[in-house]
Amino acid sequence: MTIDLRKDFVDYAKSLDKASEDPNIKKALTRAVSSYRSTVAETLERFPHTAELAEEVRELKSQSIANLDKLLEQAMASVERNKGKAFYAKDHESALEIALGIIGTNKTVVKGKSMLGEELLLREYLEEHGNEVWETDLGEFILQLRKDRPMHIVSPSIHVPREQVAEVFSKFFGKEVPPDIAEEVKVVREFMREKYFTAEIGISGANVVAADTGAMVIIENEGNVRLSTGAPPVHIVIVGIEKIVPTFQEAMKVAEVTWRYAQYGIPGYVNIISGPSKTGDIEKVTTYGAHGPKEFYVIFVDNGRSEMAKQETFSEALHCLRCGGCMYECPVFQVTAGHFGHIYMGGIGTIWTAFVAGGMEKAAPMAYSCLRCGRCVERCPMSINVPAMVGELRKRSIYGE
Ligand code: SF4
């Protein structure tokens, strides 16, 4: 069966056209690409074992995806053993329903950056159900105020220069905020501090999950994840099932490769969270709910991932670490930013969009804007063959499966 792609194509083409003429995108991306290239080159030179470690991680991701069912079961059991509560969400709707079931309504929620959150439109859904939700990552907060969407998976507001940030903040805070980055960071810090300590719920994603221990590894620089996951009485993790690897040691290897290709020698913080806070200080009796959250929930989200894992041509996309490196090398992304995307961006985002975030209607126009030049494969620590997958998607968009 073939599908009618016309409407989506026209909307998408208009958005690409507009983006390619936007001087802010051009300015921001030119700066970002040059900074990424020089920093990542310097970082890989400082830590020369990274390339070999990436090869090891490639193999372990491949094994993990082949054993996804078993690892999921083990990870869920580990979370429960740690006195957390684990859920499996088969699809988009059930993930949202589970989250809402835990949160309820009229709550204040502080949330860390999560591409899965974008995939599920989680913030919007919780707001529609009467909650006040704050994006605590600075870039995501800027987008929340602008009613905009991420333009890069690691640096979501990459397309917004400081002058525009100052305008948005001045309007929101009701006072003149100068186009000075340090001042812009300061006003958000002051505003958000009160939210962390009054919120009933903290939500985060996770970069990797270790099945043996139930440890969630969360990489960050701002410290917002520490506060969002440590201050409120309830912490909810939403994570895609492809993020699970067998052991804690392996999880740390995945984390190291991820942050290195995201251009960090070492990130500001690496959070390892495995359950609610606890203490054994009085008579060695373990008591849950010490200074951190009293309740800990993990929602493991499938939403098309196990289908992707079953298909030989596409399962490799699940190896993606979301380091964002490929986007800086992509000639189309360099001109259009995340407009070459629908939720997920760039060549790899085309595959993710097809399976988990919009289907072929949204992915097909992206497949035809990808040049299949292969520059992303050279940059990718997992050497994911995006051009081959995009070629297959193009065929399917015309001839069906
Ligand atoms: S496809 Fe590769 S380079 Fe791109 S985000 Fe994923 S792991 Fe990083």
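Is Arg379 buried or exposed, and what is its relative accessible area? I found Arg379 buried, with a relative accessible area of 18%, where buried means under 20%, exposed over 50% and partly exposed in between, with a 1.4 Å probe and protein chains only.

Before going on I noted the ground rules. This is a predicted model, in which local features need pLDDT of at least 70 and side-chain atom pairs count only at pLDDT 80 or more, while totals for chains, interfaces and linings use all residues. Residues are numbered from 1 along each chain as its sequence is written, and side-chain values use heavy atoms, with hydrogens and water left out.

**Entry: salt bridges**

I looked up the salt bridges, each a side-chain nitrogen of Lys or Arg within 4 Å of a carboxyl oxygen of Asp or Glu, and the structure holds 18 of them. Arg379 takes part in one, its side chain meeting that of Glu329 at 3.9 Å, N to O. The pair links distant parts of the chain, since Glu329 sits in helix H14 (residues 325-329) and Arg379 in helix H18 (residues 375-379), 50 residues apart; helices (H or I, at least four residues) and strands (E, at least two) are DSSP runs, numbered from the N terminus. Glu329 also counts as buried, at 11% relative accessibility.

I then turned to Glu56 and Lys253, whose side chains meet in a salt bridge of 2.5 Å, N to O. Glu56 lies in helix H3 (residues 50-66) and Lys253 in helix H12 (residues 248-261), so this pair ties together parts that are 197 residues apart in sequence. Glu56 is partly exposed, with a relative accessible area of 38%, and Lys253 is partly exposed as well, with a relative accessible area of 28%.

The next pair I looked up was Arg305 and Glu242, which form a salt bridge of 2.8 Å, N to O. Because Arg305 lies in helix H13 (residues 305-310) and Glu242 in the loop between strand S7 (234-240) and strand S8 (244-245), the pair ties together parts that are 63 residues apart in sequence. Both Arg305 and Glu242 are buried. I also noted a network of salt bridges that links Lys111, Arg123, Glu124, Glu127 and Glu135.

**Entry: domains and their interface**

The protein chain is divided into domain 1 (6-46 + 312-399) and domain 2 (53-303), with bounds that come from an automatic or database domain assignment. Taken over C-alpha atoms, the centres of domain 1 and domain 2 are separated by 23 Å. I find 37 residues of domain 1 in contact with 33 residues of domain 2, contact meaning heavy atoms within 4.5 Å.

How much area do domain 1 and domain 2 bury between them? The value is about 3,200 Å², 64% of it on carbon and sulfur atoms, where buried area is the accessible area (1.4 Å probe) that two parts lose on being put together, summed over both. Leu321, Arg322 and Ile343 supply 17% of the area that domain 1 buries against domain 2, more than any other three residues.

The rule finds one salt bridge across the interface of domain 1 and domain 2. I also looked up Arg322 and Glu242, whose side chains meet in a salt bridge of 3.8 Å, N to O. On the side of domain 1 that touches domain 2, the elements giving two or more residues are helix H2 (23-46), H14, strand S14 (344-345) and helix H16 (346-356). Of these, H2 gives the most, with eleven residues.

**Entry: nonpolar cores**

A nonpolar core is a set of buried Ala, Val, Leu, Ile, Met, Phe, Trp, Tyr and Cys residues joined through side-chain atoms within 4.5 Å. The largest has 71 residues, and Ile348 and Trp352 are those with the most contacts inside it. Domain 1 and domain 2 both give residues to this core, so it lies between them. Leaving aside neighbours within four places in sequence, I find Trp352 in contact with residues including Glu242, Arg305, Arg322 and Tyr344. Apart from this core lies another, of 23 residues, among them Leu120, Leu122, Val133 and Ile236.

**Entry: backbone angles**

Leu121 has a positive phi of about 50 degrees although it is not a glycine. I place Leu121 in the loop between helix H6 (115-120) and helix H7 (122-128), and at 41% relative accessibility it counts as partly exposed. Lys284, also a residue other than glycine, has a positive phi near 60 degrees. Lys284 is found in the loop between strand S10 (278-279) and strand S11 (287-288), and at 75% relative accessibility Lys284 counts as exposed.
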